[in-house]
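Visitor: I would like to learn how to read the local features of a model, one by one. Please show it to me first.

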Amino acid sequence: MKIVIINGQNHKGSTYHIARMLAEKIGGEITEFFLPRDFGEFCVGCTKCFSESEKKCPHFSSLEPLTKAMDASDVIILASPVYVYHSTGAMKAFLDHYGYRWMVHSPEGSMFRKQGVCISTAAGAGMSSTNKDMADSMFFWGIARIYKYGAAVAATDWNSVNEKKKKAIDKATSAMARKISRRAGKIKPSFKTRAMFFFMHLAQRNGFNERDARYWKEKGWTESVRPWK
């Protein structure tokens, strides 16, 4: 399998180690990116990606390596430590650039055949809201199966995490890796994802955004074609 990890920070802390641990347990080719080192631009709100083409985005070229890696992957892992009960600003800025790929606009068809994981850590709390920041985008991209894992590590670096906690993390990531591996190659979107796609398919028949309507019609999605078949 091909796995891509998007790390929401540059340093290799607890979140990084857990994401890497999971990826290695799943097995396969692993590609990693670090934010903001590999991409650190803020969306400027020009709306070119919605009205014309994502290629008109002023940051298209610098974002393209990450986009291509995600599209080529079987599993996408988004990993962010908790910053004030949410994902890092770098992760949020990255996700902002993919608003045009939400199901209401022009989703990438391969996403409906992928698995995604959201991983977050904190010394104390905030993992749920941080994972939701990332999972919202994964869901609206159309990712077929989404897993979440948050760990309260009671430490500010991986070396300071106690062995009992590390054993619990090891056990949890092993269980998740087995589940992801079992579903590899035969993944289908959840009912919630298929239901959302159905409503978007009805909306795109009326074409309230010319670019989006054209995209859906070219894909055959306004009729009987589905991206997961």
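Predicted model: local features only at pLDDT ≥ 70, side-chain atom pairs only at ≥ 80, totals over all residues.

**Loops and backbone**

Guide: T47 is found in the loop between β2 and α2. Residues are numbered from 1 along each chain as its sequence is written, and side-chain values use heavy atoms, leaving out hydrogens and water.

Visitor: What is the phi of T47?

Guide: The phi of T47 is positive, about 65°, although T47 is not a glycine. Exposure is a separate reading: buried means under 20% relative accessible area, exposed over 50%, and partly exposed in between, with a 1.4 Å probe and protein chains only. T47 is partly exposed because its relative accessible area is 43%.

Visitor: Is V84 buried or exposed?

Guide: V84 has a relative accessible area of 78%, so V84 is exposed. V84 sits in the loop between β3 (75–81) and α4 (89–96). Its phi is positive as well, about 40°, and V84 is not a glycine.

Visitor: Where is the place of P36?

Guide: P36 belongs to the loop between β2 (29–34) and α2 (48–51). The peptide bond leading from L35 to P36 is cis, and its omega is near 10°.

**Helix pairs**

Visitor: How is a pair of helices read? At roughly what angle do the axes of α1 and α6 cross?

Guide: Axes are lines fitted to C-alpha atoms, for helices over the stretch in contact, and angles run from 0 to 180 degrees between N-to-C directions. For helix α1 (residues 14–26) and helix α6 (residues 163–183), the axes come within 9 Å and cross at roughly 45°. That makes α1 oblique to α6. Under 35 degrees counts as roughly parallel, over 145 as roughly antiparallel, 65 to 115 as roughly perpendicular, and the rest as oblique.

Visitor: Which handedness does the crossing of α1 and α6 have?

Guide: The crossing of α1 and α6 is right-handed. The near helix is turned by less than a right angle from the far one, clockwise for right-handed and anticlockwise for left-handed.

Visitor: Which residues of α1 and α6 meet?

Guide: An α-helix has 3.6 residues a turn, so residues three or four places apart point the same way. In this pair, α1 supplies I18, M21, L22, K25 and I26. They meet I169, D170, T173, S174, M176, A177, I180 and S181 in α6, contact meaning heavy atoms within 4.5 Å. By class, the contact of α1 with α6 has eight nonpolar, three polar and two charged residues. Ala, Val, Leu, Ile, Met, Phe, Trp, Tyr, Cys and Pro count as nonpolar, Asp, Glu, Lys and Arg as charged, and the others, Gly among them, as polar.

Visitor: At roughly what angle do the axes of α7 and α8 cross?

Guide: Helix α7 (residues 191–206) and helix α8 (residues 210–219) have axes that come within 9 Å and cross at roughly 115°. That makes α7 roughly perpendicular to α8. The crossing of α7 and α8 is left-handed. On the α7 side the contact uses F197, M200, H201, Q204 and R205, and on the α8 side D212, A213, W216 and K217. By class, the α7 and α8 contact has four nonpolar, two polar and three charged residues.

**Around α8**

Visitor: Which residues of α8 are buried?

Guide: R211, D212, A213, Y215 and W216 are the buried residues of α8. What covers them includes α2 and α7. At the start of α8, a side-chain oxygen of N209 comes to within 3.0 Å of the backbone nitrogen of R211. After α8 comes G220, with a positive phi near 85°.

Visitor: With which side chain does the side chain of H105 make a polar contact?

Guide: A polar contact is a pair of N or O atoms within 3.5 Å; within protein, one must be able to donate a hydrogen and the other to accept it, and residues adjacent in sequence count only if both atoms are side-chain atoms. The side chain of H105 makes one with the side chain of D212, at 2.8 Å. H105 lies in the loop between α4 and β4 (115–122). H105 counts as buried because its relative accessibility is 16%. Beyond four places in sequence, H105 is in contact with F50, G99, Y100, Q204, D212 and W216.

Methods
Helix = DSSP H or I, 4+ residues; strand = E, 2+ residues; numbered from the N terminus.
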